[in-house]
Amino acid sequence: MVKAAKRPVIHVGRGIKAGGEKLVELSKKLQIPLVMTGLAKGLIPDDYEGNLGTSNRAASKAADEIMAVADLLIVIGADFPFAKLVYKTHDFKFVQVDVDEAQFGRHHFLDLGIWSDATSFVEKALDRSEAVPASPYFKAAAADMQNWKEYLKMLENQDKVPMQVAPIYKEINAVSTDDAIYSIDVGDNIINSFRFLKLTPKNKWVISALFASMGSGIPGAIAAKLSFPDHQVFNIAGDGAFSMVMQDLLTEKKYGLGIINVVTSNETLNFIKSEQDDLPIDHHSGINLAGQDFAMIAKGMGVDSVTVTKPSDLPAAFAKAVEVTNAGQPFLIDAKISADRGLPVEELQLKQENGHFVETVDPSYNSNGDQKPVKSVAEFFADYDGQDLKPLPEFFAEYDVKA
Ligand SMILES: Cc1ncc(C[n+]2csc(CCOP(=O)(O)OP(=O)(O)O)c2C)c(N)n1
Ligand SMILES: [Mg+2]
């Protein structure tokens, strides 16, 4: 099946655990790009050129595009909760490698089921396969991801005021120890942590992946600090999610838990606002939040804190956070950010036309007219400062990949 495929993709889940490096070897050997489920983030090195990131909404552009053109999907050790959206877009052959045979065919019609744990399968596949020459398809996929990475880097270095979220993640990455633990609350921080947070197998992180329960940030961070007192621990939460559980800052204080609390305050339930952007409704509903002074609230509970409104103030704020938390006390950074929508890569669609692929924006995008109407993919990218982003078909043309 691999030999017959023109555009194979491996979709890997957290079943790969300690086998990430081996999977990279297999991906290179067979020239098959990797897409991860969210929970596999960190298990495959971010700097591997064939790692295209995560797919669906909390996603990278390259992963969504490659999934949309795949003609063979090999799912290894994954139980992808958004399979019904992503796997249903078009026909491809479907191979599932799973340690639990009862899961076979759960998310897609099965062409082949392989009953194995992920790493053993990868080891055997390495052993029994022949290397293929460098493929234009793989090169185009890697170039597409490189283009996306450059876009993210540009966003991290933007110094816009009101502040955007990317510079905050840049600073979190900069002060993080190599075994830091992150508790990511539900909302835009899921999308943004998948895009910006640097994770390796040494890091631990907790996220409410399946039920998406807002308010999981502080409890996750408290659990992390109590379980791993010697590790640096972050709680990263939106203002809506943080407000639901902020009374437990007092718990952090009472038990001397050196947690760095980062609140991304945009006065909006922004994750939901973005969904409403694409619904045919006249106006947004129930998404506005009143602004609050989280730094003052924290101080009222005896927790040291700072408010940040511009990127140039981030380094000092995080330096203070590190100093205070290293001394065994919690700290809070109230980062006032804009409620701009992040580039909704899930709106990109690809279809085959006369031997090549055409990329368009889903017609339901911006149904309620809140964003500017877009006539082309280039305009769509430009609305998110992505003037230098290129659609996947351009890379296919560059590397002479036939549909
Ligand atoms: C308990 C709960 N209520 C509602 C939701 C639906 N929901 C998902 S994200 C979100 C908004 C999150 O807003 P905020 O914490 O301010 O983060 P932002 O997206 O603005 O960064 C909502 C209401 C949820 N996931 N969990
Ligand atoms: Mg918010």
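What follows is a short exchange about terms and the values behind them.

Modeller: This is a predicted model, in which local features need pLDDT of at least 70 and side-chain atom pairs count only at pLDDT 80 or more, while totals for chains, interfaces and linings use all residues. Residues are numbered from 1 along each chain as its sequence is written, and chains are lettered from A and ligands numbered from 1 in the order in which they are written.

Colleague: Why is Asn354 called exposed?

Modeller: A residue is buried if 20 or more other C-beta atoms, placed from the backbone, lie within 10 Å of its own, exposed if 12 or fewer, and partly exposed in between. Asn354 has 6 such neighbours inside 10 Å, so it counts as exposed.

Colleague: What is said of phi at Glu267 and at Asn354?

Modeller: Most residues other than glycine have a negative phi. Glu267 is not a glycine, yet its phi is positive, about 55 degrees. Asn354 is not a glycine either, and its phi is about 45 degrees. Glu267 sits in the loop between strand 10 (259–265) and helix 11, and Asn354 in the loop between strand 13 (348–353) and strand 14 (356–361). Helices (H or I, at least four residues) and strands (E, at least two) are DSSP runs, numbered from the N terminus.

Colleague: What makes the bond between Val161 and Pro162 cis?

Modeller: Its omega is about 0 degrees. Most peptide bonds are trans. Pro162 is in the loop between helix 5 and helix 6 (166–175).

Colleague: What is the largest nonpolar core made of?

Modeller: A nonpolar core is a set of buried Ala, Val, Leu, Ile, Met, Phe, Trp, Tyr and Cys residues joined through C-beta atoms within 7 Å. The largest one has 107 residues, and Phe234 is among those with the most contacts inside it. Helix 5 (residues 136–156) gives the most to this core, with 9 residues.

Colleague: How do you know where this core lies?

Modeller: Domain 1 (8–148) and domain 2 (161–336) both give residues to this core, so it lies between them. The domain bounds come from an automatic or database domain assignment. The C-alpha centres of the two domains lie 30 Å apart.
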